[in-house]
Amino acid sequence: MKFANMILYYKPNCPYCRKVTAFMEDNGIEMEMRDTREGDNLAELTKLTGKTQVPCLVVGGDPMLESDAIIAYLEGVMAG
């Protein structure tokens with residue numbers, strides 16, 4: 001399942017990010033993912049949220065923090 005209007009900012013070694021990415025993998029969810037250790041991704045995240053906290057799911061320009069909230073949101077989208 002591909003979500004074109006979503007971006008996940010993450011760090012591979014973050015346990016909360018791994019929780020979200022494992023959920024995505026288990027449910028076949030694909031979206032653009034931006035590692036905050038690469039390029040300008042951390043600066044983009046900080047501009048969006050005022051924080052460097054990951055994971056951060058951006059939906060239509062609106063950021064969502066907290067892994068449990070992100071998973072709950074994705075579950076709701078999948079349920080229709």
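Predicted model: local features only at pLDDT ≥ 70, side-chain atom pairs only at ≥ 80, totals over all residues.
**View 1. Helix α3 and its neighbours.** Helix α3 itself spans residues 67-79, 13 residues in total. From its first C-alpha to its last it reaches 18 Å, close to the 18 Å expected at 1.5 Å a residue.

**View 2. The two sides of α3.** Here we look at how burial is arranged around the helix. S67, I70, I71 and L74 are the buried residues in α3. Seen down the helix axis, the buried residues of α3 fall within an arc of 95°, so they line one face of the helix. The face turned away from that buried side carries D68 and A79, both exposed. Just after the helix comes G80, which takes a positive phi of about 90°.

**View 3. S67 in α3.** Let us zoom in on one residue of the helix. S67 lies in α3 and, at 6% relative accessibility, counts as buried. Leaving aside residues up to four places away in sequence, S67 touches Y16, K19, V20 and P55.

**View 4. The largest nonpolar core.** This core has 23 residues, and those with the most contacts inside it are L8, M31, L57 and L74. The elements that give two or more residues to it are β1, α1, β3 and α3. Strand β1 provides the largest share of the core, six residues. As general background, nonpolar side chains tend to be buried together in soluble globular proteins.

**View 5. M31 and its contacts.** M31 is among the residues with the most contacts inside the largest nonpolar core. Not counting residues up to four places away in sequence, M31 touches K2, F3, M6, I7, L8, M24, L57 and L74.

**View 6. Cysteines without a disulfide.** A search of the whole structure finds zero disulfides. C14 is buried, with a relative accessible area of 8%. For C56, too, the closest cysteine sulfur is in C17, and the separation of 9.8 Å is too far for a bond. C56 is also buried, with a relative accessible area of 0%.

Terms used:
Residues numbered from 1 in each chain as written. Heavy atoms only, no water. Disulfide = S-S within 2.5 Å. Buried < 20%, exposed > 50% of the residue type's maximum accessible area, 1.4 Å probe, protein only. Helix = DSSP H or I, 4+ residues; strand = E, 2+ residues; numbered from the N terminus. Expected span 1.5 Å × (residues − 1). Arc of directions from axis to C-beta. Contact = heavy atoms within 4.5 Å. Core = buried A, V, L, I, M, F, W, Y, C linked by side-chain atoms within 4.5 Å.
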